[in-house]
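Please find below a colleague's note on the structure shown here. The points can be read in any order.

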Amino acid sequence: MSQACAHIIDDDEAIRDALQWQFRTRGVECTLWPSAEAFLDAWQTDWRGCIVLDIRMEGMSGLECFDTLIERQCSLPVIFITGHGDVPMAVSALKKGAFDFIEKPFSDNELIERVERAIALDTERQRAAADRGTVESRLASLTAREREVMELILEGKYNKVIADQLSISMRTVEAHRSKVFDKMQVRSAVELAQMLTTLKG
Amino acid sequence: MPATTTLEAPPAPRNAWIGSLPYAALVLFLGAIALLVWLTREYDADEQQTTLITDVLWMEQNLRFQLDRNEALLQQLGVELLTAERPSAQADAQLRQLMSQDRGIVRVLWINADGQIMGALPPVLDSGLVGEADGAVPAESVMKLARAVGRPVYGPAYPVVGGRHHFEVHVPTWSEERFAGVVVAIYSLSDLVTRELPWWFSERYRVAVLDPDGREIAAKSKIAPLAAQRSYTTPFEPPGHGLTLQITAYKGETRWMPVLLIASIVLFGAIIVWSVWQLRRQLARRQAAEQALRNESAFRKAMEDSVITGLRARDREGRITHVNPAFCRMTGYSAEELLGARPPMPYWDPDQLERTMEVHNQVMRGGTPNEGLEVSLRRKNGERFDALIFEAPLIDAEGHHSGWMGSVLDITEQKRARELARQQDERLQATSRLVTMGEMASTLAHELNQPLGAIASYNSGCINRLEAGQLDAAELRDIHDKIGRQARRAGEIIRRVHDFVRRSEPKREALLLNTVIRDAVGLIEADARKRRMRIISELAPDLPPITADPVMIEQILVNLVRNGMDAMADLPPEQRQVLIQTRQRNHMLEVRVTDRGCGIDPETAARLFQPFFTTKAEGMGMGLNICRSIAELHHGRLTFEPNPSGGTIFILTLPIERP
């Protein structure tokens with residue numbers, strides 16, 4: 001997995017250079033791209049971080065580039081840089097799921113703060129995705145009977161009731177219960193419920 | 001309903017036979033005439049036949065009487081001829097007379113009881129020579145018969161030399177109770193027939209004697225009758241022996257009177273028939289023409305009712321004589337209200353009576369121009385509308401000019417649409433100008449944003465370093481170099497804009513202000529007419545020339561006049577007037593543009609020349625600003641002051657260059 005960094009796409013060299021300098025002073029990694037086409041050509045699905053995209057560019061515009069990224073199911077947060085009068089375009093981009101937009105000229109560290117937030121969001125999403133993967137693999141390791149027992153535990157039923165319902169002995173239920181807790185790596189029914197809620201959420 | 005002269009439909013024939021009565025009467029009349037002619041002719045023929053028979057009977061009677069008389073004479077002479085030695089002189093004379101008179105007797109012989117010819121007149125030299133045909137003459141059998149019966153007996157006819165026919169009569173004679181002999185008279189048939197008939201008879205009829213076989217053996221005339229239809233045959237007795245008389249009427253002379261009468265009757269009848277036929281044809285033609293006219297009239301009427309153009313006819317005095325439904329709809333008056341109306345018409349706009357009257361008189365004098373006349377009219381409900389009128393002279397059937405037919409088009413909607421289109425067009429142009437300007441401003445903003453954005457970022461980075469206390473002099477110097485470069489880049493953009501603006505410097509040339517003003521007025525005049533504005537120029541003569549850009553000065557004037565017109569849009573048309581004056585003041589020329597509009601309130605006055613300030617819905621707020629800039633470029637001034645009689649006066653002053 002590559003390291004999180006900000007991908008700056010702008011056709012103005014001065015802007016790219018200035019942003020790189022500013023980002024460096026705040027310790028944010030960044031990669032510079034002179035055009036949307038160059039970025040799209042190089043893009044990999046496992047890239048992390050965020051994209052800083054100028055709306056008005058020679059060749060492919062920022063909005064076109066954004067559309068292409070949505071098509072390719074790129075989940076990186078996108079921050080648009082707009083000039084004077086491009087605000088309506090930026091708003092429509094926001095509606096399509098862009099992370100944010102910022103108007104030129106930017107004041108102080110406004111942009112960099114948003115970039116940091118975007119990278120944080122991306123990292124968070126990444127972690128959530130990873131968690132989900134773990135829970136899913138643990139769930140997959142349960143046997144059919146164990147899964148049945150787990151469902152009933154989640155409904156908050158006592159061992160005795162579960163035994164009656166499944167027509168098995170209390171002891172067997174207890175054995176299943178401890179197996180489920182082991183496999184799901186939880187200590188209590190409450191913890192188990194929390195874990196599964198996260199998965200659904 | 002408009003008064004329309006419609007042709008009445010012809011009454012349906014109540015009785016079809018009444019129509020054919022004249023023809024029936026004519027046929028009967030002609031039939032009666034023909035019958036009359038035929039009857040007359042029949043009657044005529046009957047009459048002629050009767051006359052013929054009467055004449056024939058008379059002739060037969062006449063012949064018989066003649067022959068009887070000859071017999072008596074011969075009997076009387078016979079005694080003396082046969083008994084005396086020599087006939088007495090008296091007898092001789094009587095005999096000769098008998099011969100000489102035209103009685104048809106060619107010879108007389110007297111024969112004694114022994115059959116010896118005692119004598120003859122004319123004398124016969126040899127008794128043998130007497131026989132001229134079959135048998136002896138005189139025929140012995142006849143003589144015997146005469147002696148036996150004791151009275152005259154006629155012998156049969158026989159041919160003699162020369163194709164003629166003779167017959168004889170034997171008259172027995174007794175003397176002292178003793179048969180003394182016979183006197184024979186030989187008749188020539190043809191002589192008898194020819195000579196014994198009076199002239200008038202032979203003129204009328206052809207008389208022929210036919211033998212028993214029907215052969216003609218003697219005739220009064222050699223000419224055959226022209227028509228044999230009227231003839232009569234009667235037995236010829238004496239002499240008998242099968243001889244017949246055939247009398248044929250010559251064709252009687254044509255009796256001209258009846259012929260003429262009949263001919264004229266026939267002629268007149270023919271004329272009557274012909275004229276009736278002609279009359280009938282003419283009637284049919286007339287009916288067809290009427291039908292066509294009725295159809296045409298209905299067609300025209302439908303056409304007239306369907307058009308949305310108002311039509312109205314006026315006589316030469318201007319009285320309305322006809323209006324169509326469209327005209328009634330247009331004006332709101334009914335046809336009854338309009339017919340006979342005289343000018344001023346009820347539908348004239350009372351505010352423009354004078355002008356409308358003028359138009360009316362112009363029409364009465366000689367119609368309208370091809371493009372029509374525009375007048376303002378008023379409906380019954382008081383609503384005004386603009387109409388376009390076309391007039392054409394109305395020429396009646398005799399070719400007299402009897403009035404005017406006018407078509408009236410309601411062009412209110414059209415004018416409104418045109419005006420709307422014009423306004424929309426102007427708005428569109430204004431919008432497009434705005435869009436262009438917005439585009440330019442946006443481009444400029446983007447261009448400037450690039451270096452400014454870069455500078456801001458470098459700057460933020462530097463501050464970040466300062467706050468973190470990581471000061472690397474070389475690095476910071478490099479960054480500041482970059483900041484300086486971006487600042488120069490921004491300056492370059494500003495300089496480019498300035499260059500662009502500088503390119504529209506005035507092109508100065510010597511010009512006459514009045515000429516420029518006239519050009520400007522020419523440019524705006526069409527628009528002014530459309531908006532019913534009047535532009536009045538009061539230009540001072542002999543103004544010195546100035547050095548200026550004519551296009552720019554023209555632009556100022558067009559702008560000022562247009563502003564003046566916009567200010568007066570709500571005034572009644574007669575008050576809409578822009579006055580342009582020029583005069584010289586010391587070393588300046590002054591142009592005053594005066595309107596009578598709503599004037600300028602102090603608040604507006606303070607911002608009047610500011611860019612992007614406007615009081616108009618579609619305005620850009622650049623007009624007066626540009627005007628003042630142009631004035632200043634020419635070292636002149638543009639000011640304004642209120643018009644004492646309402647409105648505003650804009651004053652443009654331009655310096656006269658000293659030579």
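Predicted model: local features only at pLDDT ≥ 70, side-chain atom pairs only at ≥ 80, totals over all residues.

1. Contact between the chains. On the side of chain A, 20 residues are in contact with 19 residues of chain B. The chain A side that touches chain B is made up of seven nonpolar, seven polar and six charged residues.

2. Strand β10 of chain B and its partners. This strand covers residues 244–249, and five of its six residues are buried. Strand β7 (residues 205–210) of chain B pairs with β10(B) in the antiparallel sense, over six bridges; within this part of the model, B:L245 of β10(B) is the bridge partner of B:V209. Strand β9 (residues 231–235) of chain B also runs antiparallel to β10(B), joined by five bridges. Here B:Y232 has B:I247 of β10(B) as its bridge partner.

3. The open sheet of chain B. Five strands make up this sheet, in the order β12-β11-β15-β14-β13, with antiparallel pairing. At the edges are β12 (320–323) and β13 (373–378) of chain B, each of which pairs on one side only. On average, neighbouring strands of the sheet are turned by 35° against each other, direction ignored. Strand β11 (residues 310–315) and strand β15 (residues 401–410), both of chain B, run antiparallel and are joined by six bridges. B:G310 stands opposite B:V408 of β15(B).

4. Packing of α13(B) on α15(B). Helix α13 (residues 550–567) and helix α15 (residues 623–633) of chain B pack at an angle of about 145°, and their axes are 10 Å apart. Their crossing is left-handed. From α13(B), the contact is made by B:M552, B:Q555, B:I556, B:N559, B:L560 and B:N563; from α15(B), by B:G623, B:C627, B:I630 and B:A631. By class, the residues of this contact are six nonpolar, four polar and no charged. In an α-helix there are 3.6 residues a turn, so residues three or four places apart point the same way.

Note on methods. Residues numbered from 1 in each chain as written. Chains lettered and ligands numbered in written order. Contact = placed C-beta atoms within 7 Å. Nonpolar A, V, L, I, M, F, W, Y, C, P; charged D, E, K, R; others polar. Buried ≥ 20, exposed ≤ 12 C-beta atoms within 10 Å, placed from the backbone. Helix = DSSP H or I, 4+ residues; strand = E, 2+ residues; numbered from the N terminus. Pairing = 2+ DSSP bridges. Axes fitted to C-alpha atoms, helices over the stretch in contact; angles between N-to-C directions. Left-handed = near helix turned anticlockwise from the far one by under 90°.
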